[in-house]
Amino acid sequence: MNILSLFVLVPLLMLLGLWLSKSINQIRGVMVAGSTALLGLAVALVFMYLGERASGNTAEMLFMADYVWYAPLNIHYTIGVDGISVAMLLLSAIIVFTGTFASWRLQPLTKEYFLWFCLLSLGVFGFFICIDLFTMFMFYEVALIPMYLLIGVWGSGRKEYSAMKLTLMLMGASALLLAGILGIYFGSGATTMNILEIAALHNIPFEQQCIWFPLTFIGFGVLGALFPFHTWSPDGHASAPTAVSMLHAGVLMKLGGYGCFRVAMYLMPEAAQELSWIFIILTTISVVYGAFSACVQKDLKYINAYSSVSHCGLVLFAILMMNSTASTGAILQMLSHGLMTALFFALIGMIYGRTHTRDIRELNGLMRIMPFLAVGYVIAGLANLGLPGLSGFIAEMTIFNGAFMNDDVFHRTVTIIACTSIVITAVYILRVVGKILYGTCTNEHHLKLTDATWDERLAVIFLVVAVAGLGLAPFWISDMIHESVLPIVSHLALN
Amino acid sequence: MEYTILILLLPFLSFLVLGLAGMKMSNRLAGTIGTVVLGIVAVASYYTAFDYFAAGRGADGTFPTLMPYNAVWLPISESLHIDMGILLDPISVMMLVVISTVSLMVHIYSFGYMKGERGFQRYYAFLSLFTMSMLGLVVATNIFQMYLFWELVGVSSYLLIGFYYTKKEAIAASKKAFIVTRFADLGFLVGILFYGYYAGTFTFTPQLQMLASAGAMIPLALGLMFIGGAGKSAMFPLHIWLPDAMEGPTPVSALIHAATMVVAGVYLVARMFPLFIGYAPEVLHWVAYVGAFTAFYAASVACVQSDIKRVLAFSTISQIGFMMVGLGVCTSADPHDGGLGYMAGMFHLFTHAMFKALLFLGAGCIIHAVHSNEMSAMGGLRKYMPVTHITFLIACLAISGIPPFSGFFSKDEILTACFAFSPVMGWVMSFIAAMTAFYMFRLYYGIFWGRENKELHARHVPHEAPLSMTVPLIFLALVTCGAGFIPFGEFISSNGQSYTIHLDSQVAITSVCIAVVAIAVATWMYLRERQPVADQLAKTFKGLHRAAYHRFYIDDIYQFVTHKVIFACVSTPIAWFDRHVVDQFMNFLAWCTNASSEEIRSWQSGNVQQYTRVFLGGVLVLVLVLLLI
């Protein structure tokens, strides 16, 4: 049994277990066992991967396996990982693990909720281990559909509207994506949809690339909150229940960046070179525009959703810089953003669960009332604005350094514009921290509220440790990612 | 010198311990942990200094640059990487001594000052964090490590200014401090990016051929870096955060906003000095001009403030201006020929840290005694607080440049360097030195002499501060008395060679005369109970007085730019645009889909007659078309 297939098998077993379980304790048992197993698997995979690399295995993908899935259309279940996917799998496992604890006391329909939750994680894990275009796409869809129900049923606010909007926009994107994928497949003349094979053939005609590249890039880009296709994100996040927001911002949005890099850029390098300027402009807008929008929002989740637009914009921005440093930075930023946004959404959910409001005008002085959550919020905020020692800093610095290596005026200008986001981020983060945590609480209902429970503490502490761990000792993961970025980037630089 | 790692690790550990377990500790235990750790750090720093300077000069007559630690922390590309390590050279060793001394004094002092405060443990945790970051900043082996710790000191400063987080002003001040310095750091970051790209390294000693081929990019990078330095060091017009930062606890103001963090910008310029001199002398002179203007501006504002911490804050800004001028007027790396300012600036940094910390700690004792920052609540305090009075007087004399106190020596060197640069600069700085003496003695008389607020003092008799607070005062006062006699040029000079300080008698006599006259004027105006001259002046130049009191409205301009321009004219429209244009367009697409299906729906009515009608119509049209062709 290939270790990678376990990432799909465990969620399947969890689904089965959930289906059979009768009581809340059984459900929790299945979830804890499953998500711990996934986390353990991811950690083990990191060590196995590093061990394999240390012993001199230089293949592009490790732990590969290939099964024919649907022969008439040459669809294979081909799996394999490089450093990028390993990092993403680790991220997903952490988010699923903490998400389980963040929805510990969720009511009602707990069983159904976790069923969809597991299906969603199945899709996510499947997406990151696959290197067959069509299977990847299938897992992408598997991850997408549960979102609709999770938001529509367990959400808050205008949940039906948000769920519908999110699903329709992402479905629209996947239509573009499907066209792009088929175009790539037929254009390349490959015998399978294996990414490595298509990349090695490297013979999609330039004219065709110019059609399929924008389709694929936008298709994945919508998920990565590319301006102007990001509007599903604020509404979707605001309505989603806590753990779904975490999973959504923490992992699902990463599918976008990952796909853009691994599929769009890798397979169509000529078109990427030719058309990158359009997308660089769009992502630069995303970065600054998201940050400015976040400055005047009144709902905590909207602030974070716009902040995600800004940070994920930086991911796509870095990918388009087309050098190894910036691309490494992009992956680091995905990791870092995944962890810190998950932390943010977890904390917002916990605060909302107590105060029943997310309006920053109605919240104040929470530091005295719930010190644990408040301190967690400050740490998340500091990570978001790029405090050294936490994860945001290393990612942003790698990106800016990488972007600066393109020494023409256009790239320099957009880089400096993107750099200004570090100031605007500070503005909106400190605004919120000052408004809701500091000061004295004026709402007497809030005075009686309690601080975090053990399950909430566990989730928060786990994420804080991950954010700090990445920020304090970035070298090992940065090396692992950098090695794996090289083949893709050198492919881009061939032209 | 492997033990130097302790200087960074110990405060970090103390931060972790106090931050994680502080809530469970008693105040006394938490304070003791912080203070003892800092004591060890101070001893280690002194020993490092002793060890380093005692090892002697190398063959080329300079002290060697040592790197006991340096390891790759984050690889950027094949040639670029961010390292973490410890660099020891004369200026970093000097800074270690300054920071650990002042920090230790503040730790001891805070025992008394913060006694019984809520969040005592948190306070000590943040102090440890700050000390660690500041020490890390000065021993940075490369510009990026410096930037990293630079951001960390910014955050510690934010946390400490906002220590009283239930107070509105403190929240606003902490936010302002962070955002203004962050804005400046943007310049710093872009400067580093330019530097990294064109110099091909983040270290302070790039390869010469890289620099030569970089052309105008190195001056640009250095200029941008100076913007970052100007933000941290509160140079005009980025100074606005520092007066507000006085909302933090007073010992914090002494440590961060007087002695250590605010001089980080000066340290940055000193660190990059060889590059400034070699490749961007014009930029260096701009540093001097900015410093001189800031010194003048801050001194003029300091003359009319009524809050004693604000006066000290503006005085700090002005004195940092002096240091910048000292560095900026250098025209070569040879201390005998135009490079004197480097030594003078660093010397002033050293002496200023001591006497300004003393002034702030003294101010803390006074505030502790009268429970107000306003001079109107003071006056005549010399009777009640003798120790504070004498030590404060010593610091005032030092900052005014009266021999034999330390400030005289360092300021005199700066003035000598200025006169060597250009007579105009020399006279301007001398005039500002006179203003310094004037506003400091205005402050001194206002607190300890002058108009006493008898009513308030009768109700609550001011008392001398406890021993934990007066001991640091006495220690710093002793340092202030003796520091001027340190042969500073033996240790630090622009080219590293030994330089013997000799007073230029002409400049020394001029500056002492000016200071004495300024003090005499202040005495004449503010010593007595009734102050007709001062009141008359304030009345005559009402507009000017009010403008200076409101700091020439610079803050209001910023307020206008941030709220009216950025928030109202950028952010709000963007947010509106997003919700009403971009998002509505998506909704419009959905609506279109909906509307068109509504339209098409009537075609699928299931009504046979309708289908027949359409069918017949279609046939007719087809037949007509066929016939006509």
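**Exercise 1. Locate His356(A), describe its backbone, and decide whether it is buried or exposed.**

*Step 1.* His356(A) lies in the loop between α13 (324–355) and α14 (366–369) of chain A, where helices (H or I, at least four residues) and strands (E, at least two) are DSSP runs numbered from the N terminus. Residues are numbered from 1 along each chain as its sequence is written, while chains are lettered from A and ligands numbered from 1 in the order in which they are written. This is a predicted model, in which local features need pLDDT of at least 70 and side-chain atom pairs count only at pLDDT 80 or more, whereas totals for chains, interfaces and linings use all residues.

*Step 2.* The phi angle of His356(A) is near 60°, which is a positive value in a residue other than glycine.

*Step 3.* A residue is buried if 20 or more other C-beta atoms lie within 10 Å of its own, exposed if 12 or fewer, and partly exposed in between, with C-beta atoms placed from the backbone. His356(A) has 11 other C-beta atoms within 10 Å and is therefore exposed.

**Exercise 2. Carry out the analysis of loop, phi and burial for Ala225(A).**

*Step 1.* Ala225(A) is found in the loop between α8 (206–223) and α9 (232–239) of chain A.

*Step 2.* Its phi is near 55°, again a positive value in a residue other than glycine.

*Step 3.* Because Ala225(A) has 29 C-beta neighbours inside 10 Å, Ala225(A) counts as buried.

**Exercise 3. Identify cis peptide bonds in chain B and place their prolines.**

*Step 1.* Phe236(B) and Pro237(B) are joined by a cis peptide bond with omega about 0°, and Pro237(B) is found in the loop between α8 (217–232) and α9 (241–244) of chain B.

*Step 2.* The peptide bond from Pro403(B) to Pro404(B) is also cis, with omega near 5°, and Pro404(B) lies in the loop between α16 (386–400) and α17 (406–421) of chain B.

**Exercise 4. Describe how α15(B) packs against α20(B) and against α17(B).**

*Step 1.* Two packed helices are described by the angle between their axes and the distance between the axes. Here axes are lines fitted to C-alpha atoms, for helices over the stretch in contact, and angles run from 0 to 180 degrees between N-to-C directions.

*Step 2.* Helix α15 (residues 340–370) of chain B and helix α20 (residues 467–482) of chain B pack at an angle of about 150°, with their axes 9 Å apart. This makes α15(B) roughly antiparallel to α20(B), given that angles under 35 degrees count as roughly parallel, over 145 as roughly antiparallel, 65 to 115 as roughly perpendicular and the rest as oblique.

*Step 3.* The crossing of α15(B) and α20(B) is left-handed, a term used if the near helix is turned anticlockwise from the far one by less than a right angle, and right-handed if clockwise.

*Step 4.* Residues of α15(B) including Met354(B), Leu358(B) and Leu361(B) meet residues of α20(B), among them Met469(B), Leu473(B) and Leu476(B), where two residues are in contact if their C-beta atoms, placed from the backbone, lie within 7 Å. By class, this contact of α15(B) with α20(B) has twelve nonpolar, two polar and no charged residues; Ala, Val, Leu, Ile, Met, Phe, Trp, Tyr, Cys and Pro count as nonpolar, Asp, Glu, Lys and Arg as charged, and the others, Gly among them, as polar.

*Step 5.* For α15(B) and α17(B), the angle is about 155° and the axes are 8 Å apart, so these two helices are roughly antiparallel to each other, and their crossing is left-handed.

*Step 6.* Residues of α15(B) including Phe347(B), His348(B) and Thr351(B) meet residues of α17(B), among them Lys411(B), Glu413(B) and Ile414(B). The classes in the contact of α15(B) with α17(B) are nine nonpolar, eight polar and two charged residues.

**Exercise 5. Characterise the side of chain A that touches chain B, and state the confidence scores.**

*Step 1.* In total, 41 residues of chain A are in contact with 38 residues of chain B. The largest share of that side of chain A, six residues, comes from α18(A), and by class the side has 25 nonpolar, 14 polar and two charged residues.

*Step 2.* The model scores ipTM 0.89 and pTM 0.90. Chain A averages a pLDDT of 88, with 99% of the residues scoring at least 70, and chain B averages 87, with 100% of the residues scoring at least 70; pLDDT is the predictor's confidence in each residue, from 0 to 100.
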